[in-house]
Amino acid sequence: QVQLVESGGGLVQPGGSLRLSCTASGSVFSLYTMGWYRQAPGKQRELVAAVFSGGILSYADSAKGRFTVSRDNAKNTVYLQMNSLKPEDTAVYYCDAHYTRDYWGQGTQVTVSS
């Protein structure tokens, strides 16, 4: 069983930045594909960015050029640096760890508003 704890959400003005963190329990973190998803009210959950166990990165088109995903295997932590935030980035952001199955964090709210 893997437990994921997210942090770093909050309220930010358009154009601002936030860094989300997700720390996982367990000893095989380096084997997981770690993903950040988001879900806005009334919309389906969507993939924002992912970092594979080998370090390959993947981004949704909406995140390219603004968001950066990274991982620190020594700390069992994945990060999502979000810059140039827009109101449409407002959502609950979830961390996902995938190996033989998916494990989800509880989510952290990101609100972009003036």
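**Close-up views of a predicted model**

View 1. V12 stands opposite V112, a residue of strand 11. The structure is a predicted model, in which local features need pLDDT of at least 70 and side-chain atom pairs count only at pLDDT 80 or more, while totals for chains, interfaces and linings use all residues. Residues are numbered from 1 along each chain as its sequence is written, and side-chain values use heavy atoms, with hydrogens and water left out. Strand 2 (residues 10–12) runs parallel to strand 11, and three bridges join them. Strand 9 and strand 11 are antiparallel and are likewise joined by three bridges; Y93 has T108 of strand 11 as its bridge partner. Strands (E, at least two residues) are DSSP runs, numbered from the N terminus, and two strands pair if DSSP finds at least two bridges between them.

**View 2. The two faces of strand 11.** In a regular strand the side chains alternate between the two faces of the sheet. Strand 11 covers residues 108–112. Buried means under 20% relative accessible area, exposed means over 50%, and partly exposed lies in between (1.4 Å probe, protein chains only).

**View 3. Aromatic pairs.** Rings of Phe, Tyr and Trp (its six-membered ring) pair if their centres lie within 6.5 Å; planes under 30 degrees apart count as stacked, over 60 as edge-to-face and the rest as tilted. By this rule there are two aromatic pairs. The ring centres of Y32 and Y99 are 5.9 Å apart and the planes stand at 75 degrees, so this pair is edge-to-face. Y32 lies in the loop between strand 3 (18–24) and strand 4 (33–39), and Y99 in the loop between strand 9 (91–98) and strand 10 (102–104), so the pair ties together parts that are 67 residues apart in sequence. Y32 is buried at 5% relative accessibility, whereas Y99 is partly exposed at 44%. Y37 and W104 form an edge-to-face pair, with 5.0 Å from centre to centre and 65 degrees between the planes. This pair links Y37 in strand 4 with W104 in strand 10, 67 residues apart. Y37 is partly exposed at 21% relative accessible area, and W104 is partly exposed at 37%.

**View 4. Charges over rings.** A charge sits over a ring if NZ of Lys or CZ of Arg is within 6 Å of the ring centre and within 35 degrees of the ring normal. R45 lies over the face of Y94, 3.8 Å from the ring centre. The charged end of R71 sits over the ring of F29, at 4.8 Å from its centre.

Conventions. Helices (H or I, at least four residues) and strands (E, at least two) are DSSP runs, numbered from the N terminus.
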